[in-house]
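Have the coordinates open as you read.

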Amino acid sequence: MTVMSIVRFERFFRAAAGLNVDKNDLKRYSDFVDAKLYDLLTVAQATAKANGRDIIRTCDLPITKGLQESIHHFQKIDQEVELTPILEQLATHPALDRTPDEETEAAYPDIIGGLSVALAQSFKILYPDLKNPQTQHWDEARAVFDLLL
């Protein structure tokens, strides 16, 4: 990731939850994003299959009310931070039995952004005084997401 990308990543977490993250957190963040996008797509794939379709549509993704609100929050933050181009690079997925359509793939950056806002805010819910997440904090926040997504 470029230096400019790291700066935007840092600005995003400050704007989303007042957290100070650094380049060492990028790997944890990238792993989180990959895993959660895959989890969402796995459920969407099952929904598409149940509906007799060979493609995954946006409506197949299990987007909850809370995640939708986080996506909207991300879109507001993104106007100043401009993280979407970086998230487009992160928005990859492994091969699936069903192929996402173009609309679904185009939604990935916003979905990842929403997951990112929810992640940042979950740090503050779990640890109200937290300023700089450490490995333990990342692991515990991820465990909560693993339970829910």
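In this predicted model, L115, A118, L119, S122, F123 and L126 of α5 meet H137, W138, E140, A141, V144 and F145 of α6. Contact here means heavy atoms within 4.5 Å. By class, nine of the contact residues are nonpolar, two are polar and one is charged. Helices are DSSP runs of H or I with at least four residues, strands are E runs of at least two, and both are numbered from the N terminus.

Two packed helices are described by the angle between their axes and the distance between the axes. Helix α5 covers residues 102-126 and helix α6 covers residues 135-148; their axes come within 10 Å and cross at roughly 115°. Each axis is a line fitted to C-alpha atoms, for helices over the stretch in contact, and angles run from 0 to 180 degrees between N-to-C directions. The crossing of α5 past α6 is right-handed.

Two notes on conventions. Residues are numbered from 1 along each chain as its sequence is written, and side-chain values use heavy atoms, with hydrogens and water left out. Because the model is predicted, local features need pLDDT of at least 70 and side-chain atom pairs count only at pLDDT 80 or more, while totals for chains, interfaces and linings use all residues.

Now the rings. The structure holds eight aromatic pairs. Rings of Phe, Tyr and Trp (its six-membered ring) pair if their centres lie within 6.5 Å; planes under 30 degrees apart are stacked, over 60 edge-to-face, and the rest tilted. One of the pairs is F12 with F13, edge-to-face, at 5.4 Å centre to centre and 90° between the planes. F13 also pairs with Y29, again edge-to-face, at 5.7 Å centre to centre and 90° between the planes. This second pair links distant parts of the chain: F13 sits in helix α1 (residues 3-17) and Y29 in helix α2, 16 residues apart. Ring pairs join F9, F12, F13, Y29, F74, F123 and W138 into a cluster.

Are F12, F13 and Y29 buried or exposed? F12 counts as buried because its relative accessibility is 1%. F13 is buried at 0%, and Y29 is buried at 3%. The cut-offs are under 20% relative accessible area for buried, over 50% for exposed, and partly exposed in between (1.4 Å probe, protein chains only).

Follow Y29 into α2. The buried residues of this helix are L26, Y29, F32, V33, A35, K36, L37, L40, L41, A44, Q45 and A48. An α-helix has 3.6 residues a turn, so residues three or four places apart point the same way. The length of α2 also checks out. Its 25 residues should span 36 Å at 1.5 Å a residue, and its end C-alpha atoms are 36 Å apart, which agrees. The expected span is 1.5 Å times one less than the number of residues.

Q45 lies in α2, residues 26-50. Q45 counts as buried because its relative accessibility is 15%. Leaving out residues up to four places away in sequence, Q45 touches I56, L96, D97 and R98. Just after α2, G52 takes a positive phi of about 70°.

R8 touches V81, E82, L83, P85 and I86, not counting residues up to four places away in sequence. R11 is also in α1. R11 counts as partly exposed, at 33% relative accessibility. V81 is buried, with a relative accessible area of 1%. Its partners, again beyond four places in sequence, are R8, R11 and F12.

What is the phi of E82? Phi of E82 is near 55°, a positive value in a residue other than glycine. Most residues other than glycine have a negative phi. E82 lies in the loop between α3 and α4 (84-90), and E82 counts as partly exposed at 45% relative accessibility.

Key. Left-handed = near helix turned anticlockwise from the far one by under 90°. Nonpolar A, V, L, I, M, F, W, Y, C, P; charged D, E, K, R; others polar.
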